[in-house]
Amino acid sequence: MTTTPKPSNGADAKAKEQGSLRVTDDDLYRHSSQYRVWSFTPEQLTQRRAEVNARATAKIEQNLRAFRETHLALTAEELAAIEEKAVPVSTEEELLLVSYFARMILSFAGKMNLPTEVAATAVSFFRKFYLSNSVSEISPKEVFHTALFFSCKSENYFIGVESFAKKAKTNPSAVLKHEFKLLESLNFTLMNHHPYKALHGFFLDIQSVLAGKVDMNYMGQVYTDCKKIITDALLTDAVYFYSPPQITLAALLIADEALTMRYLQMKFMITEEGPTENSQGEKQDSKEGASISIPGQKLLEIIKECKEIISNKVAPPKEDAVKVTAKIHYSQNPLTVLDRLKRQRESNSTGATPGQTPIPEDSQTKRPKTDGATN
Amino acid sequence: MISQAEYSKEKKVGEGTYAVVYVGTKQSSNRKVAIKEIKTSGFKDGLDMSAIREVKYLQEMQHINVIELIDVYMAQSNLNLVLEFLPADLEMIIKDTAILFTQADIKSWLLMTLRGVHHCHRNFILHRDLKPNNLLLAPDGQLKLADFGLARNMGSPQDFLTSNVVTRWYRAPELLFGARHYTGAIDMWSVGVIFAELMLRIPYLPGKDDIDQIDVTFRALGTPTDKDWPEISTFGTYNKIQFYPPPSREELRRRFIAATENALDLMSGMLIMNPHKRWDPIQCLTNQYFVELPEPTTPADLPQLNKK
């Protein structure tokens, strides 16, 4: 990883420039923990989530078996209720709950006026935490404050735990309880490269590549739109599949496809038409792109794929999150299923409608509402 | 990363405010390591910021001139950083009057320092505490940047940074003026001062306190004017300071007797008052000083501390 070749006696300084050892930005990115530890193929990511879920499921099922073995006097109706209600959550349900709370971190960080990068890192920490832990092992409710507090420290935006806890309406020990577990689950890697920095870079570069062809006020609007799109993208799995500038280009494509295509054409000599231009695109570099050997058509394919993923906004409705939370509760506390059954029987006799999903006492009733958009 | 059974702690070698350092062994390879055990009790805000920074930045850097973070693990709710074992530092070498070193040795240490700093900066990381004491020396002679407890990402232009960084003698003028925005140029200043110290074998700008540091710095290098540093008058304290003329080339030659003209150019480039004009690592590394004779000493042949 040494760019500068060892100077040797009498060598001309220009010889250094010819050295093939030049370290590119891509090389540096490939050495980052974000790439080494936190980049996956879709298959790897699916498998990882399945493993976490399987581990938690096995434990819950074991507990349920033990419960049945120690409660031999259960009636057929009670057993059926447990069979129906006390069921471990699925991988999809886990993901839904994580996404719900990840979005809550964003709105919470907004209320606390925290910098964009702090919020983004907190979301990243939180989502990574649940790539090693199941929501039925450690509740997201216990971790999301920790993720935000730890992100403040990691992003150099220190807030004392007392004042943080006060703003978060919780207590310091709750904030700190899972800090170590979080650090460990993060594999002790804390650096996050977010697409916002790349956005700033492209914003400047578009202005220079398309100088005189774009309106500055309009560019400001594109920038603001993109920032929002990027924030939404942080809740998708695109962050595990693509590099930050790829996500930024995808966001730009969503914000203004024509502008972005014009920029990419000028920059990398690529066109909408596709494969026919492929060989040309790689050889003919525009003036700006001369020093960059990026196969343009390949790049366009990648950012279009990425665009597909980040176009699907992740914002599970609150009702769904409440349902999953209830399910976790029942699967961990089969006794409460029996209590519920008892209550139902009693209310049946007083004429209430049976069969509605009740919300357990510890549910999300006080949680702020999300913006309500569904997938 | 691996569990605690893999590492043994053999001897306590140091204790700081937030960590205890042990010499130990990595069992599987029998490699000698340093284990920094981060104290966790008694910190009301949870894990200490310095520890977080050290873990965060060292995880991102693999370079021969940056200390290697071999592993991290938790044990008894303590955080343990397993680092490369580096028995000496440049300050020990400078202070040990029994050790003689040559211009070629100085060139070698400076080259390795600049490579390490270049690697930090191209990863957008500021070290913010470069000094001989934080430049550690491996048994094979390689020099390694260490102690990233004050490091941070290079800020966005609108970020406010604290000027209370870098050990006093190695603090750049913009920091002495309390700048809230600064760049990698602060690290380059520190390297310039270290270069001077290697040639003089005594600290170059040893201010007694923060006020004195300003005086010592400008007495040696001249008080900057708004002609060479236009933004200077925006610093509140600027008008209160004593004016000194910059040293003539002849004065520098007399002070740094053994230095070549290229060496003086390089040192002066790193000690330019205006941070925008101060040389960056690439300018330094491609300077003629590293091309002219003598060649930098091969690391393995550099002077070492005498083993007792």
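**A buried glutamate, a covered helix and a chain contact**

B:E6 is buried, its relative accessible area being 12%; buried denotes under 20% relative accessible area with a 1.4 Å probe and protein chains only, exposed over 50%, and partly exposed the range in between. This is a predicted model, in which local features need pLDDT of at least 70 and side-chain atom pairs count only at pLDDT 80 or more, while totals for chains, interfaces and linings use all residues. Residues are numbered from 1 along each chain as its sequence is written, chains are lettered from A and ligands numbered from 1 in the order in which they are written, and side-chain values use heavy atoms, with hydrogens and water left out.

B:E6 lies in the segment that precedes strand 1 (7-15) of chain B; helices (H or I, at least four residues) and strands (E, at least two) are DSSP runs numbered from the N terminus. Not counting residues up to four places away in sequence, B:E6 touches B:T25, B:K26, B:Q27 and B:S28, where contact means heavy atoms within 4.5 Å. With B:S28, the side chain of B:E6 also makes a polar contact of 2.4 Å. Such a contact is a pair of N or O atoms within 3.5 Å; within protein, one must be able to donate a hydrogen and the other to accept it, and residues adjacent in sequence count only if both atoms are side-chain atoms.

Elsewhere in chain B, helix 8 (residues 261-270) is mostly covered, with 7 of its 10 residues buried. Among them are B:L264, B:L266 and B:M267. The cover over the buried residues of this helix includes helix 3 (103-122), helix 5 (185-200), helix 7 (249-255) and helix 9 (281-285) of chain B.

The contact between the chains takes 40 residues from chain A and 41 residues from chain B. The area buried between them is about 3,600 Å², 57% of it from carbon and sulfur atoms; buried area is the accessible area (1.4 Å probe) that two parts lose on being put together, summed over both. On the chain A side, A:F180, A:F188 and A:M191 lose the most area to chain B, together 20% of what that side buries.

Between chain A and chain B the count is 1 salt bridge, that is, a side-chain nitrogen of Lys or Arg within 4 Å of a carboxyl oxygen of Asp or Glu. A:E155 forms a salt bridge with B:K56, and their closest N and O atoms are 3.9 Å apart.

Chain A has an average pLDDT of 84, and 81% of the residues score at least 70; pLDDT is the predictor's confidence in each residue, from 0 to 100.
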